[in-house]
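Hi everyone, thanks for coming. Please have a look at the sequence and the fold on the screen, and then I'll walk you through a few parts of it.

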Amino acid sequence: MSVAAYCVFCYRKIGTSGPTTKKRLPWYDIRKVAKVTGSFILGGFVFITYQVLSLNKLLKIDTQALHQEKLKSYIYVRTASLSPSEYQGITYRARKEIHKAVRRILEKEAKIFRTSFSEQFSTFDGEDHECALWLLLKRTQSEDKATRLQAVQDLASNSHWHDYQYVTVAQTCDQRTAIGLARSKDVDLRFFLPPPPLPKIKTDDPIEDELRLLLVSLPQTGLDPCVQYFTSLALRESSQTLAAQMGGLWCFGGNGLPYCETLSIVPSETVELFCLQALVQHSKISSHCDKIEAKGGLQLLQRIYQLRKDSAKIQRNIIRIIGNMALDEHLHSSIVRAGWVSVLAEVMKSPYIIQSSHASRALANLDRDMVKEKYADGVYVLHPQYRSSQPVRADILFVHGLLGAAFKTWRQQDMDRHLDRRASEGEEEYTQCWPKTWLASDCPSLRIISVEYDTHLSDWKAKCPVEAQRESIAFRSSELLDKLKAAGIGDRPLVWVSHSMGGLLVKRMLVDASKNPEMDKIVNNTRGIIFYSVPHHGSQLAEYSINARYLLFPSVEVKELSKDSPALKELNDDFLSFAKDKKFSVLSFAETLPTHIGSMLKLHVVPVESADIGIGDLIPVDVNHLNICKPKKKDAFLYQRTLKFIQDVLAPEL
C-alpha cells in the first residue's frame, strides 16, 4: 500500500506542476526510478529472507543430525498428517514454490562458482518423511556395518511410507539392502519390484522341452552316479513301452506315479517335476550352478514358478534349487536380477512351514551381510528365520529318523477333529512344527536347526540304484558333519534332539567328530542329547523286515537296526566311552504302546530295554513310536519335560 500511494503522489505532483523553467539533469530521473524499483527489490529480498528463516523452524528434523550422522543410531520423525486436505492452503503451496526456486538458485550459484552445494538446502522442498527416507537409503550404503543394518531395520519397521516411496526404495536400493529387507519380519512387499517381464515363448515349445535342453547342456561325464541316474530318467522319452516296463507307472527312481489310463504320455507337470528333481541334484555341484545361470536357467525357473502357482511341489523344488545356487556368492547378483528376492520375500510369509523354510534358507544364503554360515541342501533354520538384533546364544539340532522329515516328524500330534469337540476359539492353534512355534517362543535366543536326509524301509523305494552305500549310518554321518560344520554347528553350545534312527546317527556323528581334530568343537560344545525311542540295541521292525526279505528287500538302514547287531553294540560302546568323560547330559524317552503298521499289523517298534542307552534319565511314555516326538499340546508332559531339559543344560547361556 505504501509503495502504491507513493507512486500516485509522484504522478499527481508531476501532473499539477507548471512549465519547467529549468532543464533537469538525466541522473535526476534515474534517481527517481531507483527510488521506486529499489523499494520493490528491498521488499522482495526481505520477504525471501523471512521465508528462508521461517523454513528452518518448519523443518521437523533436527539439522544437527546431518552433521552428527555418524554418531546417531536413529532418525526421529515426528508423526504428522500427510493428507493434502490438512495442508495450509495457498500459503503453504506458495512457500513450497519459493523453497523450490531458492534451491534452484543456490544450485546454479554452486555450479557457476564451482562450490559445493550445501546438503542442508537439498531437502528444502521435501516433507520430513521424504527427508528421512533418503537419509535412511544413504545409510544403507554406509561402510559401517552397524549403521547399514540399523538403517534397513528402520526402513522395514516404518509403516508410514507412501506407495511412491516404496517404489522409490525398490528402484534405488542396492542388492544388499533388498536382501536385508526381504529378511526383515513383517516387511511390506511393496519394497520389492516384481520379477522382470520374460520374453514370450512359442506355443509349440513347451516348458518341459526347455527343461530338457537345459539338462542336456549340463556336464554329463564324471558325475556322481546318482546325478547321472536322475538326469537320465528326466531326459527319457515317455512311451507306452516304458510304461509297461515300469508296471503301468512312469516311475522316477522307484516312486510310481499314475499319469493316465491310456499309458501313452506323461502330463507336462509331471515331466517338469522330474526334470526339476534332476536339477536339484545338479545344483549341489558348484560348476553346474554356473552352467545353469549361463544358460538362462534362472529366468526359465522364474517362468515355471509363475506358471505353476498351483503346484507346491514344483515351487518347492525351484526354491530349493535357488537356495543351492545361493551358496555361490558370485551368483548372488544374477539371482537378484532375475527377480528372486521379491519371490522369496513373499514365500517367507507363507503359512506353510515347509515353503517358508525353503525360502528362509535361500535368503539366509544370500544375506552375506548378516549371516556368516552357509546352509547346504537339507539343513533348515527354523528359528530365527528373520534378521534379529538379539544374539544367538546356543543351538538346538533336530535329527529325524526312518521315513521321517525335517518338518513333519516334529509336528503336533494329530487329533481326530470329529471325536475331539473341545477345541474352541481360545484353544491354541495346531502347529505343523513345534520346535519352530513353541520352542522358539519359549527360548528366543536359540538357533533351531532341523536336518533332512532320505531314508527307506525297502530297496523298492530307493531313489537311486547305487544309493545303497550311502544309506549306511557311517556315510550319512560324514555327509551331515560337513554340512553342519558349514552351518556353524559347534561354534556355540549345542543340544541334540533325535528320534528313532536319528539318535543312532547323532551318536555316529559325535564318535566321528571326536576322532577328527577339525570337528572337535562339535563334541566340546555339546551340552546334552535327547533321544526319542532310539533303538540303541536294535528294533523289532528290522527283524520283521528281514523275515519278509523276499517281499520287502529291506534297505541298508533297516538291516543296521537288527536286534543285538554287532555294529550297534560297537557304536554304543564307542559313544559311551567318551560320553561319560565329557559328562553329557542325556534324556531318553521310551514308547510303551504298539504302532499300527498297515491295517493288519501292530508292532512295538522300539522296546523300553532297547531305548535305554545306559546313561542319563529314561522316561517311559504311553504313546506309540510315531507319536513319541509329537506332543499333544504345549502343556503336555512330553514337551514340558523336553523344554525343562534344554533350559537346564543351557542355563548359563540363557
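Let's begin with a definition: a disulfide is a pair of cysteine sulfur atoms within 2.5 Å. By this rule, the count here comes to 0 disulfides.

A word on where this comes from. What you see is a predicted model, in which local features need pLDDT of at least 70 and side-chain atom pairs count only at pLDDT 80 or more, while totals for chains, interfaces and linings use all residues. Residues are numbered from 1 along each chain as its sequence is written, and side-chain values use heavy atoms, with hydrogens and water left out.

Now, are the cysteines Cys173 and Cys289 buried or exposed? Buried means under 20% relative accessible area, exposed over 50%, and partly exposed in between, with a 1.4 Å probe and protein chains only. Cys173 is buried, at a relative accessible area of 15%, and Cys289 is buried as well, at 1%.

Cys289 takes us to helix 13, residues 286-294, where the buried residues are His288, Cys289 and Ile292. Helices (H or I, at least four residues) and strands (E, at least two) are DSSP runs, numbered from the N terminus. Looking down the axis of helix 13, you find its buried residues within an arc of 105°, so they line one face of the helix; the arc is that of the directions from the helix axis to the C-beta atoms. As a reminder, an α-helix has 3.6 residues a turn, so residues three or four places apart point the same way.

What do these buried residues pack against? Their partners are helix 9 (207-217), helix 12 (268-282), helix 14 (297-307) and helix 15 (312-325), where contact means heavy atoms within 4.5 Å. Just after helix 13, Gly296 has a positive phi of about 80°.

Helix 9 is also the place of Arg212. Arg212 is buried, with a relative accessible area of 15%. Leaving aside neighbours within four places in sequence, Arg212 touches Ala234, Leu235, Val271 and Cys275.

Follow strand 7, residues 526-532, where 6 of the 7 residues are buried. Strand 7 pairs in the parallel sense with strand 6 (residues 494-499) over 6 bridges, and with strand 8 over 5 bridges, again parallel. Phe531 of strand 7 stands opposite Ser498, and also opposite Ser588 in strand 8. Strand 8, residues 585-591, pairs in turn with strand 11, parallel over 5 bridges, and there Phe589 has Ile619 as its bridge partner.

Finally, the aromatic rings: the structure holds 13 aromatic pairs. Rings of Phe, Tyr and Trp (its six-membered ring) pair if their centres lie within 6.5 Å; planes under 30 degrees apart count as stacked, over 60 as edge-to-face and the rest as tilted. Tyr380 and Phe407 make a tilted pair, 5.2 Å centre to centre with 50° between the planes. Both Tyr380 and Phe407 are buried. Phe398 and Trp410 have ring centres 5.0 Å apart and planes at 70°, so this pair is edge-to-face. These two belong to one aromatic cluster, together with Trp434, Trp438, Tyr532, Phe589 and Tyr639.

Definitions and conventions: Pairing = 2+ DSSP bridges.
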